[in-house]
Amino acid sequence: MNRMNPALAAALSNPAIWRGGDCAPEPDALPSGFPALDAVLPGRGWPEAALTEIVLEREGIGEIRLMLPALARLQAQGHDVVWIAPPHVPYAPALAGAGLDLERLLVVHCRSPADQLWAYEQALRAPECGAAFAWLGPHDDRVPRRLAVAAREGRTWGVLWRRPGQRTIAVTASLRLALASREGRLAVRVLKRRGGDLGRPVFVDVDAGGSGRLPFLAGG
């Protein structure tokens, strides 16, 4: 068996260096609260100061519950959470029961797609904002690049939600996931990450230890 040169081994152990077949390190990562998911995410958590794009098979499968532990952690650190144009009315008792501070949750409804984009970019750049989620409508392909810059400069965890049937843009977000419901659990498929491909989905029980109440009321 060939032994690696000690100098090369020392260089490869640097956390700033990653191999193409491995999951890349992420210096600013926020634990998701689900160990199985963290194990396949760069830095073992949601990438802060970057965009995450999430593609939904259908709505109401536990996608928001997947985010709640990380959001509660951010609020406990003194950060605000901003949701831009959510498709349904947030159900406050479920969010509070999951540990969210409702006074630090800002829900923004906009008159037009242009207003949505402006509000989201401002949230990503705001120093007090720890996480900014947006459910944007159709837009120019150059828009997500601007948003990625805003997230990086504001050091904010940004999430772009792609509703069922909505076109996705693969070139901007550093992390892209597809979510589907499988046998009572959430199947998380990694579509893009810095590092090697992941052939199989990760299964997450988002209701473990929780009340199971939906954080959205349909029809909002």
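Trainee: What should I know before we start?

Mentor: The model is predicted, so local features need pLDDT of at least 70, side-chain atom pairs count only at pLDDT 80 or more, and totals for chains, interfaces and linings use all residues. Residues are numbered from 1 along each chain as its sequence is written, and side-chain values use heavy atoms, with hydrogens and water left out.

Trainee: Why is Gln75 called buried?

Mentor: Its relative accessible area is 7%. Buried means under 20%, exposed over 50% and partly exposed in between, with a 1.4 Å probe and protein chains only, so Gln75 counts as buried.

Trainee: Where is Gln75 found, and what is it in contact with?

Mentor: Gln75 is found in helix α3 (residues 68-76); helices are DSSP runs of H or I with at least four residues, strands are runs of E with at least two, and both are numbered from the N terminus. Leaving aside neighbours within four places in sequence, Gln75 is in contact (heavy atoms within 4.5 Å) with Val81, Gly99, Leu100, Asp101, Arg104 and Leu105.

Trainee: What makes the pair of Trp46 and Trp157 stacked?

Mentor: The whole structure has 6 aromatic pairs. For Trp46 and Trp157, the ring centres are 5.4 Å apart and the planes are at 20°. Rings of Phe, Tyr and Trp (its six-membered ring) pair if their centres lie within 6.5 Å; planes under 30 degrees apart count as stacked, over 60 as edge-to-face and the rest as tilted. So this pair passes as stacked.

Trainee: How far apart in sequence are the parts that this pair ties together?

Mentor: They are 111 residues apart, because Trp46 lies in strand β2 (residues 46-47) and Trp157 in strand β8 (residues 157-162). Trp46 is buried at 0%, and Trp157 is buried at 0% too.

Trainee: What makes Trp83 and Trp135 edge-to-face?

Mentor: Their centres are 6.0 Å apart, with 75° between the planes, and that angle falls in the edge-to-face class. Trp83 sits in strand β4 (residues 80-84) and Trp135 in the loop between β7 (129-134) and α6 (143-154), 52 residues apart. Both are buried. Trp46, Trp83, Phe133, Trp135, Trp157 and Trp161 form one aromatic cluster.

Trainee: How do you know that α5 is roughly parallel to α6?

Mentor: Helix α5 (residues 113-125) and α6 pack at about 25°, with axes 7 Å apart. Axes are lines fitted to C-alpha atoms, for helices over the stretch in contact, and angles run from 0 to 180 degrees between N-to-C directions. Angles under 35 degrees count as roughly parallel, over 145 as roughly antiparallel, 65 to 115 as roughly perpendicular and the rest as oblique. So α5 is roughly parallel to α6.

Trainee: What makes β6 and β11 edge strands?

Mentor: The open sheet has 8 strands in the order β6-β4-β7-β8-β3-β9-β10-β11, with mixed pairing. Strands β6 (105-108) and β11 each pair on one side only.

Key. Two strands pair if DSSP finds at least two bridges between them.
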